[in-house]
Amino acid sequence: MVHLVQITDGSSRRVAVVEEPSLRCLVGVASVYELAMRCLGEGASLSGMALSLAQGEVLSYDEVYAGVLAWRLLAPIDVPGEPSRVLVAGTGLTHLGSARERQAMHRADKAHEAEVTTDSMRMFQWGVEAGRPAKGSIGIAPEWFYKGDGSVLRAPFEALEIPGHAEDGGEEAELAGVYVIGEDGSPHRIGFAAGNEFSDHKFEKKNYLNLAGSKLRQCSLGPELVVGMEFDDVKGEVRIERKGETVWSKRIASGEANMCHSLANLEHHHFKFDGHRQPGGVHVHFFGADTLSFSDGVALVDGDWAEVRFEGFGRALRNPIREVDTMTVPVTVAVFE
């Protein structure tokens with residue numbers, strides 16, 4: 001496995017291979033996107049090319065991670081200068097834990113919860129029954145949602161904002177697949193990264209039809225993009241810090257062993273759409289969460305820190321939470337005359 005990070009000093013940027021406790025910079029490419037497209041053009045192995053180009057400056061990962069150098073971490077994938085070429089999306093109800101929490105969130109009558117089956121639980125059950133088709137076959141479609149283009153991606157240590165129109169902002173610790181589309185329209189998986197999908201659970205709780213709007217939020221990824229890792233049984237931990245103390249934490253589990261859909265089925269149902277196979281495009285796809293602090297009554301506030309860590313994915317993804325002033329004046333639309 002090869003772990004890649006992207007870094008910038010404000011005027012230039014680099015890709016580096018993680019060689020704990022150091023970062024070895026690549027020569028000849030300035031982004032993971034450039035590296036991936038070059039590999040597609042030359043029919044080369046991405047891991048092999050990354051290692052062959054790792055002949056540049058060696059930096060202290062501790063100092064970059066701590067923010068004491070001019071270099072700082074970026075999200076591990078982007079299309080420099082063209083965020084509209086990145087599509088950020090995801091699938092929900094893929095983990096048993098997510099189904100339990102969604103069932104509780106959307107149940108209409110808590111007094112008769114044993115008798116009530118929500119649409120969310122029905123969709124989860126369909127995944128259990130038909131989300132792992134035989135190789136070469138097509139299984140049932142999962143729940144799918146759109147988060148935005150590349151402008152919603154935040155780097156490690158960059159704030160995740162609760163917008164002024166939101167009712168809440170809550171972490172969702174997940175794994176995400178990172179993909180690039182070749183010139184022939186074929187999707188290629190670069191690797192996986194830890195992510196904080198971040199959404200408005202209070203707004204969604206009012207009615208599950210609010211799901212689409214609740215997902216249109218910032219999210220974070222990284223710091224490391226792992227190439228060549230198996231998506232099988234991945235354990236981790238998510239925690240919320242407030243004023244230097246941990247106020248909530250839980251173990252988390254992802255990967256196919258903990259999901260009702262196979263990875264191949266999730267990828268098929270995302271890339272079956274022609275619009276998702278535009279040459280040169282990049283996709284970040286979140287694969288769902290199995291636990292939320294919101295379900296345990298935790299409401300994130302300005303100044304909190306969310307930390308996501310998965311075993312085998314390198315250093316933790318950490319982001320502060322920032323609340324934006326409540327929106328009190330409507331957005332108006334100018335009309336051409």
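Leaving aside its neighbours within four places in sequence, which residues is Trp305 in contact with? Let's start there and then take a walk through some other spots in this predicted model.

## Trp305 and its contacts

The residues that Trp305 touches, once those neighbours are set aside, are Phe157, Arg239, Ile240, Glu241, Arg318, Asn319 and Pro320. Take Glu241 from that list: in sequence, Trp305 and Glu241 are 64 residues apart, yet from C-alpha to C-alpha they sit 5.0 Å apart in space.

If you want to find Trp305 in the structure, look in strand S16, which covers residues 305–310. Trp305 has a relative accessibility of 26%, so it counts as partly exposed.

## Helix H2 and its buried side

Next up is helix H2, residues 46–53, where Leu46, Met49, Ala50 and Leu53 are buried. Those four span an arc of only 100 degrees around the axis, so they end up on the same side of H2.

What do the buried residues of H2 pack against? Their partners are helix H1 (32–42) plus a set of strands: S1 (2–8), S2 (13–19), S3 (22–25), S11 (187–196) and S12 (219–227). There's also a detail at the start of H2, where Ser45 has a side-chain oxygen within 3.5 Å of the backbone nitrogen of Ser47.

## A nonpolar patch on the surface

Over on the surface, Trp144, Tyr146 and Leu216 make up a nonpolar patch, and together they have about 280 Å² of accessible area. Trp144 belongs to strand S7, residues 143–149. With a relative accessible area of 33%, Trp144 is partly exposed.

Most residues other than glycine have a negative phi, and most peptide bonds are trans. Here are some spots that go the other way.

One runs from Glu20 to Pro21, with omega near 5 degrees, and Pro21 is in the loop between S2 and S3. Another runs from Gly222 to Pro223, with omega near 0 degrees, and Pro223 is part of strand S12.

As for phi, Phe198 isn't a glycine, but its phi is positive at about 55 degrees. You'll find Phe198 in the loop between S11 and helix H6 (201–206). Is Phe198 buried or exposed? Its relative accessibility is 1%, so Phe198 counts as buried.

Lys243, also not a glycine, has a positive phi of about 55 degrees too. Lys243 sits in the loop between strand S13 (234–242) and strand S14 (245–254). With a relative accessible area of 83%, Lys243 is exposed.

How values were computed. Residues are numbered from 1 along each chain as its sequence is written. This is a predicted model: local features need pLDDT of at least 70, side-chain atom pairs count only at pLDDT 80 or more; totals for chains, interfaces and linings use all residues. Side-chain values use heavy atoms; hydrogens and water are left out. Buried means under 20% relative accessible area, exposed over 50%, partly exposed in between (1.4 Å probe, protein chains only). Helices (H or I, at least four residues) and strands (E, at least two) are DSSP runs, numbered from the N terminus. The arc is that of the directions from the helix axis to the C-beta atoms. Contact means heavy atoms within 4.5 Å. A polar contact is a pair of N or O atoms within 3.5 Å; within protein, one must be able to donate a hydrogen and the other to accept it, and residues adjacent in sequence count only if both atoms are side-chain atoms. Patches are made of residues with over 30% relative accessible area and no salt bridge: like charges are joined within 9 Å, nonpolar side chains (Val, Leu, Ile, Met, Phe, Trp, Tyr) within 5 Å. Accessible areas come from the Shrake-Rupley method with a 1.4 Å probe; for residues, only the protein chains shown count as cover. A salt bridge is a side-chain nitrogen of Lys or Arg within 4 Å of a carboxyl oxygen of Asp or Glu.
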